[in-house]
Each structure stands twice: as C-alpha cells, then as structure tokens.
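Dear colleague,

Please find the structure below. I would be grateful if you would read the notes after it with the model open beside you.

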Amino acid sequence: MRMDYVAANPEALQTLIDVETHLARAARRRDELGGGLLELVKIRVSQINGCAYCIDRHTQDARRAGESEQRLYALSAWRETPFFSPRERAALAWAEAHTLIAGRGIDDALFEATRAHFPEPALVDLTLAICAFNAWNRLAIGFAMIPGSYRPD
C-alpha cells in the first residue's frame, strides 16, 4: 500500500463515509436498494474499474449478506445469464453507463428503463452510490490498497 489515505486525511474522507451511511440507511428504509443490490453494483463498478481490493472486499460483504457464489461468478457477464432480476439488471446497466460515462453520456432510453424500476428518490440514491463507488475505487487504486487485507466486522 502506498499510504493509508483515510488516516492521512480523515476529514476529507468523511464526505464519502457520510454518503455510505446515508446509502445504508436508505437501503434499510426502502426496499428498492435493499436485498444486496448495492453490493452487486459495488462489485460490478469495481470490476469495470479493475479495483482488486474493492472486488475482494465487496464479494466478501455480499457473501456475508447471503449472495450466492453462482451470481457473484456470473456478475461480469450478467447480461448473458438468467440469474439477475429485471430490477438488478436495470441497476447494473445504470452502473455500467455511469462508470463508463466519458464520451458516451446517458441516453434517454436507459434512463427510462432504469426509472421504470426505481422511484425518483431511490434512483437518486442509486446514482449517488455509483458515483461514490467510483470514487472509492479511484482512491483504492491510486493508493494501492492490498487485496486480501479487508476483514469484515
């Protein structure tokens, strides 16, 4: 690891931590983001970004939350499997589009398809989650977090 970025500047990281706290509360309050959906999105965003630390961390968390090995193994090819619900597929497509947004944007058809599965407050939370996960990935990659070092509570 290049440095412990949280210890180096905890005040700066507090904003992302606050976002995570908000998202955890939102997932408990509203069923639209619960059921392990956010863990699947975290893993998929981390796969796209190539963040080994975050993939390791969030697959551990997903397993602890009851996610199946089969779905975790198939997540990188979710479009080709029958393992994910329409709501999960919408969230994964939305996550991929936001993670790969440079030069592509977000088209109206994807927005409408995603919006069909998430009420407006949940869609804002889902989008905020994707933004936060991308930020965490960039921190973990930039500061060379070590895969395998995460231990769930």
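This is a predicted model: local features need pLDDT of at least 70, side-chain atom pairs count only at pLDDT 80 or more; totals for chains, interfaces and linings use all residues.

Residues are numbered from 1 along each chain as its sequence is written, and side-chain values use heavy atoms, with hydrogens and water left out.

The chain has eight helices and zero strands; helices (H or I, at least four residues) and strands (E, at least two) are DSSP runs, numbered from the N terminus. Its C-alpha trace spans about 40 × 35 × 30 Å along the principal axes. Of the 153 residues, 42% are buried, where buried means under 20% relative accessible area, exposed over 50% and partly exposed in between (1.4 Å probe, protein chains only).

The largest nonpolar core has 40 residues. Such a core is a set of buried Ala, Val, Leu, Ile, Met, Phe, Trp, Tyr and Cys residues joined through side-chain atoms within 4.5 Å. Helix α8 gives the most to this core, namely nine residues. Phe118 is one of the residues with the most contacts inside the core. Beyond its neighbours within four places in sequence, Phe118 is in contact (heavy atoms within 4.5 Å) with residues including Leu33, Ala90 and Leu126.

Ala93 lies in helix α6 and is buried, because its relative accessible area is 15%. Leaving out residues up to four places away in sequence, Ala93 touches Trp78, Arg79 and Leu110. The C-alpha atoms of Ala93 and Leu110 are 7.9 Å apart, although 17 residues separate the two along the chain.

Yours sincerely,
A colleague
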